[in-house]
Amino acid sequence: MAMSKLYRAGNCKYNMQPGNLHTMKTSTALMLLVHLSLHTVDEGHAINPSCTCVHFTSTHGKERGTFSSPDYPRPYPQNACLLYTFLAEAHQIVELVFTDFDIYKEHMDCSNGNYLKVYSEVEIHGPGPPGINEFSVWSRILCGNRAEAPPPLYSHGPIMILEFQSGEKPSNASGFIGTYRFIDRRNFETDGVKVSGTQCDYVFASQAERPSHGRLYSPRYPSSYPNSVRCNYHFNARKNERIKLVFEELYLQKGDVSCLNRGDVIKVFDGRNSVAPVISMLCNEIVGYEILSTGPELLVQFSSNSKTPGQGFKASYQFLAKDASSAETEGNKKPSAMDGYSSVGPAVSATTSSCHQVFRSDKSRSGKLISPLYPSPYPQKTQCHYDFLAKGRERVRLVFEDFNLQRASSISDCESMDSFDVFLYVDGRLEKMASYCGNDVPKPIMSNGPKLSIEFRGIYSSRYSRGFKIAYYFVEDYAIATGKQLLEYPCAFVYNITDRRKGVMTSPNYPGLYPRDTECNYFFHARKNERVHLKFSHFDVEGVVPCEAVSASDYVQFSSQMIDIDSQRYCGQLRELDVVSKSNFLRVTFRSNDRLDGTGFKAEYIFLKDSEMRSVKSETNGSVGLHIKKDHLWRNFFRLLLALSIVTIVL
């Protein structure tokens, strides 16, 4: 019977059959020992020339210690085998941060040749130091260049082990160097009351004797969360309070795949249980994402079912009085030249011309925003700030009815003239979405979340500058006028043959710019022996083929299955796009990121019997039949070439 090879930090014992380990030459072993004595003499010691072991138990008074591959920054030797064991106290976890990373990628999956295996969950069996063998489960395997350097790594418990192996092929890869530290795991304890008999359910109640704010984490954060887990975080505020929730960091899976296709998902329900409307579905990576409940109850449900769990999330919560958010916003206002002008009506009246305003959906779901003294010319040196605060599933929508600002004929950009700037909250901070100037009426705008801000700068003015008049709305339907909206998704609409045989579908906020950071799904249900036919009359989705995350592309995807990650994506500007479902079901997914904008799409749909489909000319491609005008395929091809040339310049 073959015996397992056992590596023990400190004395590095192992049992093995001949040939199971690469044997290092004596000269190479001496080089390794000299290197380790130079770089880790205070942090560990190396024993055994066959698989060198380095033991890290302290940072010796420094905030961080260091570790590196042999001979760094020179290329590491061939046939090297090293084990790095990081051993913290029982109440601590290990954090590793790579400051440089370059391991030759001989295989795409890093499984052979040169690699660095990470064992983030190591158990101690019996007396003596911890160890691993070939049956130990590693959490991830790493290789590649600096662009593929891993994010910070965290252990599940007080031990983490790295196994570094180099193959027989020579390379110029310089290896890696990084820092480590030991962190008190109690810094990542959720502040709620854990529900007895559950793995990770918590209750957060607003009480007079308890703090009105706190923190919550995914299981084992900042290490990766376990597989096959469901956690429920229940928030119970008092009457006339609501819950503000901010996901400060959320890393579930990389990429921009639809949340319907993800195994690891966070759902936020605007109420006590999972029957309540869904405010948000989060599944990829996001920073600084803010949610504000409609009422005093909120449920956050985290489900993990993927084979490769991510790091998870950390979030903060706060119980707020219903007027607290607006008071905070008003307290942050800047003084303006218009402070001397009187306000017409209260801050959230149907029509206001005061220069600094806060518009809250609690007070009015719609109204008018006008520039100072409208329709007369606004005064010179005017600076105004407007904040819009929604709640729950709501988004802010602005529809421009009149727009006429002073424009200098010799200036081409809005920065040096009277302008109207729109700001969104991206990654927890204000980011300018667009600037408007002159007298061209802008298209409608929609926020990417519950907040939107406007800065109006009327530096010059003239007797011909009327200013602006805007209708604002707090909407839950994303300004999509057709289909039946579903409550179990943030943005989803169903089109059923039993309701209408034909109609129109549009992107959110059409014909205006679609909102950023948004996913909308459209579900078409026909009868048996029927199919769905879509004919797009307008298609403008920002991106370059093949419409992937690497090119920061938004996209539209079609599928005859509810879960489908392999369907082709479509983006760019297409003059004609015809889609025919393969079965009696069709799912259309629209997804936008936090960069750039387009005017979206408009399509006519009709449910046709199979016998009627003979008149529809289509080419089957995967789960749907597609017909696209060829000249615009060429346009997308040239856009792709342009994008590739830009990437080449950057690199």
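**Close-up views of a predicted model**

**View 1. The disulfide of C414 and C437.** C414 and C437 form a disulfide, with 2.1 Å between their sulfur atoms. The model is predicted. The torsion about the S-S bond is about -70°, so this disulfide is left-handed. C414 sits in the loop between β27 (395–404) and β28, and C437 in the loop between β29 and β30 (445–446), so the pair ties together parts that are 23 residues apart in sequence. Buried means under 20% relative accessible area. C414 is therefore buried, at 15%. C437, at 12%, also counts as buried.

**View 2. An open sheet of five strands.** The strand order is β24-β26-β31-β28-β29, and the pairing is mixed. β24 (356–360) and β29 (429–436) stand at the edges. Each has a single partner strand, so one side of each is left without a neighbour in the sheet. Neighbouring strands are turned by 20° against each other on average, direction ignored.

**View 3. The pairing of β28 and β31.** Strands β28 (residues 419–426) and β31 (residues 451–458) run antiparallel. Five bridges join them. V422 stands opposite I454 in β31.

**View 4. The disulfide of C200 and C231.** The sulfur atoms of C200 and C231 are 1.9 Å apart and form a disulfide. The link is left-handed, with -90° about the S-S bond. C200 is buried, with a relative accessible area of 5%. C231 is buried at 0% relative accessibility. The disulfide count for the model comes to seven.

**View 5. The disulfide of C547 and C571.** C547 and C571 form a disulfide, their sulfur atoms 2.2 Å apart. With -90° about the S-S bond, this link is left-handed. The pair links distant parts of the chain, 24 residues apart. C547 lies in the loop between β37 and β38, and C571 in the loop between β39 (569–570) and β40 (572–573). Both C547 and C571 are buried.

**View 6. The largest nonpolar core.** This core holds 36 residues. Y522, F524, L534 and F558 touch the most other members. Elements giving two or more residues to the core include β34 (492–496), β36 (519–525), β37 (530–541) and β38 (555–559). The largest share, five residues, comes from β37.

**View 7. The surroundings of F524.** Neighbours within four places in sequence are left aside here. F524 is in contact with Y495, M505, V532 and L534, among others. Its contacts also include N584, F585, L586 and V588. Y605 and F607 are in contact with F524 too.

View 8. Seven of the seven residues of β42 are buried, so the strand is largely enclosed by the rest of the structure. F585, R587, T589 and R591 point one way from β42. L586, V588 and F590 point the other way. β36 and β42 run antiparallel, joined by seven bridges. Five bridges join β38 to β42, and this pair also runs antiparallel. V588 of β42 stands opposite Y522. V588 is also the bridge partner of F558.

Technical notes: Residues numbered from 1 in each chain as written. Predicted model: local features only at pLDDT ≥ 70, side-chain atom pairs only at ≥ 80, totals over all residues. Heavy atoms only, no water. Pairing = 2+ DSSP bridges. Helix = DSSP H or I, 4+ residues; strand = E, 2+ residues; numbered from the N terminus. Axes fitted to C-alpha atoms, helices over the stretch in contact; angles between N-to-C directions. Core = buried A, V, L, I, M, F, W, Y, C linked by side-chain atoms within 4.5 Å. Buried < 20%, exposed > 50% of the residue type's maximum accessible area, 1.4 Å probe, protein only. Contact = heavy atoms within 4.5 Å. Disulfide = S-S within 2.5 Å.
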